[in-house]
Amino acid sequence: MDTEALRSFVRAAELGQLQHAAGELGVTQQAVSKRIAALERELEVRLFTRTARGVELTLDGQAFLPHARGIVAGVERAVTAVRPGSRALRIDVLGLRSAQAVVLHEYWRAHPGTDLDVVTLKVSDPRVAVAAVASGDVDASFRSVTDPAALPPDLRMIHAFDSPAELLVGPRYPLASARTLTPSRLRGHRIWVPGIAPRSEWADFYDQLTTAFDLRVDAAGPHFGDEVLLDALADSADVATLVGARDRYIWPTNHDLRRIPIADPVLAYPLSLILPKTNPHPGLRGIITHLESLPRLSGTVWRPSWAT
């Protein structure tokens, strides 16, 4: 059924004149008459009778009007839901405690009027996130495609910010008292990062990291969640993990965990933002400006080869 014909019928019924309906809809009176006539032929009923003052609904028209109103309102809601600028900006992040979510929260606090919808796609393969951006399921995704040639031509990937790595350890860990650490001091120590997913961007990051600095990154075992990982670190004298400086972790005070910055060089995880090349959501302009204003890392910095 032609939704424009339904819209013309509803406005004509509400205004009582085809001319006034045509003026509101931005079309000619003849166009409104043709739409309503086509609708009547499809329904096989008369919807209006003409009077000296305009048009009046027939009994069939009166019965049809509330349903037509509902259809027109539903179509308008559907269009609004997907039209950039008239719906919330949907951005995918790896997790609600990730550095990406923390940065978005900082932006929202500075711009509380922003209609922002932060979502987590719960996928480890960046190609799935890319497909979500391409289809419009999300407006942008904080993911990295390590092979830029694999990015669809209608999308682009920009550098968002660098997340410097920190060593997270319990109080009995041999390096727990250090104020900073160099990558060389981590050699021979077990760095436990459970659940590294194959083909994920972070799998590539850790592969390059271990090769570059001869580190021992152990991905053994499933990842049962941050709480289990933090409990294990608190009780261990030989297990540590790597976390991002902006990543948010919460643990009981009796865990006495320590976050130790790594320097000379800083180990930077480059976070990227994937978005459409054309007609991106207008709200992304403010987000990108905020990302560009974030302080850059100083000193010597190591990044993986795919960093944009």
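**Notebook: aromatic pairs and cores**

By buried I mean under 20% relative accessible area, with exposed over 50% and partly exposed in between (1.4 Å probe, protein chains only).

Ground rules. This is a predicted model, so I note that local features need pLDDT of at least 70, side-chain atom pairs count only at pLDDT 80 or more, and totals for chains, interfaces and linings use all residues. Residues are numbered from 1 along each chain as its sequence is written, and side-chain values use heavy atoms, with hydrogens and water left out.

Confidence. pLDDT is the predictor's confidence in each residue, from 0 to 100. I read a mean pLDDT of 91 for the protein, with 97% of its residues at 70 or more. Confidence is lowest in α4, at a mean of 83. It is highest in strand β10 (residues 258-261), at 97. Helices (H or I, at least four residues) and strands (E, at least two) are DSSP runs, numbered from the N terminus.

Aromatic pairs. I searched the whole structure and found 7 aromatic pairs. Rings of Phe, Tyr and Trp (its six-membered ring) pair if their centres lie within 6.5 Å; planes under 30 degrees apart count as stacked, over 60 as edge-to-face and the rest as tilted.

- Phe9 and Phe64 make a tilted pair, 5.4 Å centre to centre with 45° between the planes. Phe9 sits in helix α1 (residues 3-15) and Phe64 in helix α4 (residues 59-82), so this pair ties together parts 55 residues apart in sequence. Phe9 is buried at a relative accessible area of 0%. Phe64 is buried at 14%.
- Phe213 and Trp302 are edge-to-face, 5.7 Å centre to centre with 75° between the planes. Phe213 is in helix α7 and Trp302 in strand β12 (residues 301-302), 89 residues apart, so I log a link between distant parts of the chain.

I also noted a cluster: ring pairs link Phe205, Tyr206, Phe213, Tyr269, Trp302 and Trp306.

Helix α7. I counted 13 residues, reaching 19 Å from first C-alpha to last. That is close to the 18 Å expected at 1.5 Å a residue (1.5 Å times one less than the number of residues). Its buried residues include Phe205, Tyr206, Leu209 and Phe213. The cover over its buried residues includes β8 (216-218), β9, β11 and β12. Just after α7, Asp214 takes a positive phi of about 55°.

Cores. A nonpolar core is a set of buried Ala, Val, Leu, Ile, Met, Phe, Trp, Tyr and Cys residues joined through side-chain atoms within 4.5 Å. The largest has 48 residues, and Phe142, Phe161, Leu167, Leu209 and Leu291 have the most contacts inside it. Elements giving it two or more residues include α5 (99-110), β6 (155-169) and α7 (201-213). The largest share, 6 residues, comes from β6. Apart from this core lies another, of 18 residues, among them Ala5, Ala22, Leu47 and Val55.

Phe142 and Gln100. Contact means heavy atoms within 4.5 Å. Beyond four places in sequence, Phe142 touches residues including Ile91, Gln100, Phe161 and Leu291. Gln100 is in helix α5 and is buried, at a relative accessible area of 1%. A polar atom of the Gln100 side chain lies 2.9 Å from the backbone oxygen of Phe142. Leaving aside neighbours within four places, Gln100 is in contact with Val93, Leu94, Gly95, Phe142, Phe161 and Leu271.

Notes. Polar contact = N/O pair within 3.5 Å; in protein donor to acceptor, adjacent residues only side chain to side chain.
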